[in-house]
Amino acid sequence: MEDNMNKLEERMILVGLNVTDYKKNTSSTKIEESMIELEELAKAAGGNVLGSIIQNRDNYDVAYYLGKGKAEEIKEYANNMQANLIVFNEELSGAQIRNLEEIIGLDVIDRTALILDIFAKRALSREGKLQVELAQYKYRLPRLIGVGKEMSRLGGGIGTKGPGEKKLETDKRHIRERIYDIQRELKEIKKNREIQRSKRLKSNLPIVALVGYTNSGKSTLLNKLIQSHREYSSDKDVFVKDMLFATLDVSLRKAILPSNKEYLITDTVGFVSDLPHYLVEAFKATLEEVSYADLLLHVVDSSNEHFNLQIDTTLGVLKEIGAADKPMIYVFNKADKVNYELDYKPKDEYVFISAKTGYNNEQLLQKIESHINSNLKKVKLLIPFSNGEVINSLHKKYNFEENYSEEGILVQINITDEDYGRYNKYIVEEVL
């Protein structure tokens, strides 16, 4: 039994290329940091990393990515380590994968295939699964010619989890037809989401979106923020685990500010350096939710020594989806693990917290409320006693005290522009 288990285990060797010619090195992440992240991705996929190799070259080898001689060295190293899978840190062409597999004699995948595999395993919603399947087909389509074995591998191995476990020995015409079908289905899902979004916008509840690098603590923070809501129950919590891409599907929950004002908070898929463009494109529809948010909470893992690179990655994706100019609060999470002063001071507002322990969460809530209230108007209302339903409606959205006079009920509240027009006839004074 033990021998069979070992045969099923993905025993990986990680390979990275450090392009020493600066003009040809397009990566914004240092090779050591990128390789550490690749190892985390490998673990998230369920693999066992046996070792890693970094090759220094002036440029890329068109046929073998890092040169035929280095491929021979990798073969010997992998055999000595009893590895059965080689993972490259950058995206490879179909020809490069085929050539490398012929020399090394083992399965070869790249960083993109690894991330796609993780997404395929983690996607839960119908939309998420379709988005991942679309990204997988777009990745595999140009690799149909000349790849051979890589395209025909089946089963549950890392990098081989195909769209819906379908055979990959399909021709380009079949794949293009499937891509068309998926895109058509995603359009229908998008229409339904736009209807739901329209209803949310009509409710006039502020929307706060959590964005940031994967495993920065967004889901933990969401779970902490929603606990104060009167409708909270533990089944509303989102999945949390200390790993890359623990959750993929967008979550939307209700939460309460200190003033008792209700707002919506949404979690989004985490970002990672060199996120495959197939995935960014596929998840753009889902990430559109960010562009409708009133405020972004950019959650940063302050305990990660490379957090500034993670910030740049997140800002890059936000720019790509057209949400870079949104009001933003930098939330430096995991402050309980940091015993040094960060020298990074963003131009936007920021706060240090620990979503896990609750440290400084009240300060974060105050900052959120301050941003939300900046779009509110402070007014005094006089509600006739005969219009008690108005008071009830206001209490559902605002926190205020009632004062009584002969004419009716006096209240002073901060209201939205929409409610300003709705209750305009009751306004007796605008408070500056």
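**Charged pairs and a helix crossing**

Reply: Glutamate 40 and lysine 43 both belong to helix 2, three residues apart, about one turn of the helix. The model is predicted.

Me: How do the side chains of glutamate 40 and lysine 43 meet, and at what N to O distance?

Reply: Side chains of opposite charge can pair when their charged atoms come close. A salt bridge requires the nitrogen within 4 Å of the carboxyl oxygen. The side chains of glutamate 40 and lysine 43 meet in a salt bridge, with an N to O distance of 4.0 Å.

Me: Is glutamate 40 buried, partly exposed or exposed?

Reply: Buried means under 20% relative accessible area and exposed means over 50%. Glutamate 40 has 37% relative accessibility, so this residue counts as partly exposed. Lysine 43, with 47%, is likewise partly exposed.

Me: Which residues are linked with Glu40 in a network of salt bridges?

Reply: The structure holds 13 salt bridges. The network that includes Glu40 links this residue with Glu39 and Lys43.

Me: At what angle do the axes of helix 2 and helix 5 cross?

Reply: Two packed helices are described by the angle between their axes and the distance between the axes. Helix 2 spans residues 31–44 and helix 5 spans residues 111–122. Their axes come within 10 Å, and the crossing is at roughly 35°.

Me: Which residues of helix 5 make the contact with helix 2?

Reply: The crossing of the two helices is left-handed. From helix 2 the contact is made by Ser34, Glu37, Leu38, Leu41, Ala42 and Ala44. The contact residues divide into seven nonpolar, one polar and three charged. On the helix 5 side they are Arg111, Leu114, Ile115, Ile118 and Arg122.

Me: How far apart are the closest N and O atoms of arginine 184 and aspartate 181?

Reply: Both residues lie in helix 8 (residues 172–202), three residues apart. Arginine 184 is partly exposed at 47% relative accessible area, and aspartate 181 is partly exposed at 28%. They form a salt bridge, and the closest N and O atoms are apart by 3.2 Å.

Me: Is lysine 367 buried or exposed?

Reply: Lysine 367 forms a salt bridge with glutamate 349, with the closest N and O atoms 2.8 Å apart. The pair links distant parts of the chain, helix 13 (residues 361–373) and strand 10 (residues 349–352), 18 residues apart. Glutamate 349 is partly exposed at 33% relative accessibility. Lysine 367 has a relative accessible area of 15%, so this residue is buried.

Conventions
Residues are numbered from 1 along each chain as its sequence is written. This is a predicted model: local features need pLDDT of at least 70, side-chain atom pairs count only at pLDDT 80 or more; totals for chains, interfaces and linings use all residues. Side-chain values use heavy atoms; hydrogens and water are left out. Axes are lines fitted to C-alpha atoms, for helices over the stretch in contact, and angles run from 0 to 180 degrees between N-to-C directions. Helices (H or I, at least four residues) and strands (E, at least two) are DSSP runs, numbered from the N terminus. A crossing is left-handed if the near helix is turned anticlockwise from the far one by less than a right angle, and right-handed if clockwise. Contact means heavy atoms within 4.5 Å. Ala, Val, Leu, Ile, Met, Phe, Trp, Tyr, Cys and Pro count as nonpolar, Asp, Glu, Lys and Arg as charged, and the others, Gly among them, as polar. Buried means under 20% relative accessible area, exposed over 50%, partly exposed in between (1.4 Å probe, protein chains only).
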